[in-house]
Amino acid sequence: MSKKLKGFLFVLILITIITGLYSNKLNRLSKEITQISAPTSNEVSSNDYSVTLFFPNLKQNKLNSEDIILSKGLTTKEEILKDITAKLITKLEDNHILKKEQFKYEVYIKNRTLYLDLDSKILLSAKNPQEELLIIYSFVNTLLSLGGNDNVVLLINGSPAEKVNFINLSKSYKINSNI
C-alpha cells in the first residue's frame, strides 16, 4: 500500500471515530434534564426556571402564552412535566375553561414521545370542536416547548381513545404554532 493510501485510510478512520464519539455524546445529552430557560426576574433565585404555558383564548379562538416559574426541588423530567401539567390545569380552571375539580393525569416519556394520560372530564368540558382543539394544543404546545421530545400521544383514563367529544385523538400531536 502506498503512503498516500495509508494516510487517507487513517484520516477516514479518525473521522469515523470522532463522529461516533460526538453522536454518542448527543445521545447521552438528550436523556439528561437540561435547563429549560434562564430566569428573567432579579427576584428569582438561580435554581428556579421559567417555562411558557399555552392556554386557550376562547374569544379570539387562539392560544395565549404566559411564562411561569416551576416549583423548586424537581429533579426528573417527569416531575417537571407533571408540575407544568398541574399548573396548566390550574390556569385552565382560573380562566373558566375547566370546572374546578380534581382531575387525574399522568405524563410518561418513552424515547422522544410524551404520553399524556388525561381524565376524560378535561376534554368533555369543551363545548365545540374548536374549544376542544385549543385545550388539546394548550397541553401539546406547553409540554413540547420544553424541548427534548418530538410529539405527544394522548391517552384518556389510561387507554388510547378514538375521541372523547369532538376531535380524533388516535394520532400523535406535534407543536402547532399557528393556533
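My entries below go from the sheet to the helices and then to the salt bridges.

**Ground rules.** I am working with a predicted model, where local features need pLDDT of at least 70, side-chain atom pairs count only at pLDDT 80 or more, and totals for chains, interfaces and linings use all residues. Residues are numbered from 1 along each chain as its sequence is written, and side-chain values use heavy atoms, with hydrogens and water left out.

**Entry 1, the sheet.** Strands here are DSSP E runs of at least two residues, helices are H or I runs of at least four, and both are numbered from the N terminus. I count two strands as paired if DSSP finds at least two bridges between them.

Next I went pair by pair. S3 and S4 run antiparallel and are joined by six bridges, with Val107 opposite Leu116 in S4. S4 (residues 113-118) and S5 also share six bridges, but these two run parallel. S5 and S6 (residues 172-173) are antiparallel, with two bridges. Val153 is handy for tracing the sheet: it is the S5 bridge partner of Tyr115, and its own partner in S6 is Ser172.

How many residues of S5 are buried? I get six of six for this strand, residues 151-156. Buried means under 20% relative accessible area, exposed over 50%, and partly exposed in between, with a 1.4 Å probe and protein chains only. In a regular strand the side chains alternate between the two faces of the sheet. I checked both sides of S5: Asn151, Val153 and Leu155 are buried on one, and Val152, Leu154 and Ile156 on the other.

Contact is heavy atoms within 4.5 Å; axes are lines fitted to C-alpha atoms, for helices over the stretch in contact, and angles run from 0 to 180 degrees between N-to-C directions.

I then looked at the two helices together. H2 (residues 77-94) and H4 (residues 129-144) pack at about 145°, axes 11 Å apart. On the H2 side the contact residues include Leu81, Ile84 and Leu88, and on the H4 side Phe139 and Leu143 are among them.

My rule is a side-chain nitrogen of Lys or Arg within 4 Å of a carboxyl oxygen of Asp or Glu, and the count comes to six.

- Glu66 and Lys91 pair at 2.6 Å, N to O. They link distant parts of the chain, 25 residues apart, with Glu66 in S2 (residues 62-69) and Lys91 in H2. Glu66 is partly exposed at 30%, while Lys91 is buried at 18%.
- Lys87 and Asp83 have their closest N and O atoms 4.0 Å apart. Both lie in H2, four residues apart, about one turn of the helix. Lys87 is partly exposed at 26%, and Asp83 is buried at 14%.
- Asp94 and Lys100 meet at 3.0 Å, N to O. Asp94 is partly exposed at 41%, and Lys100 is exposed at 60%.
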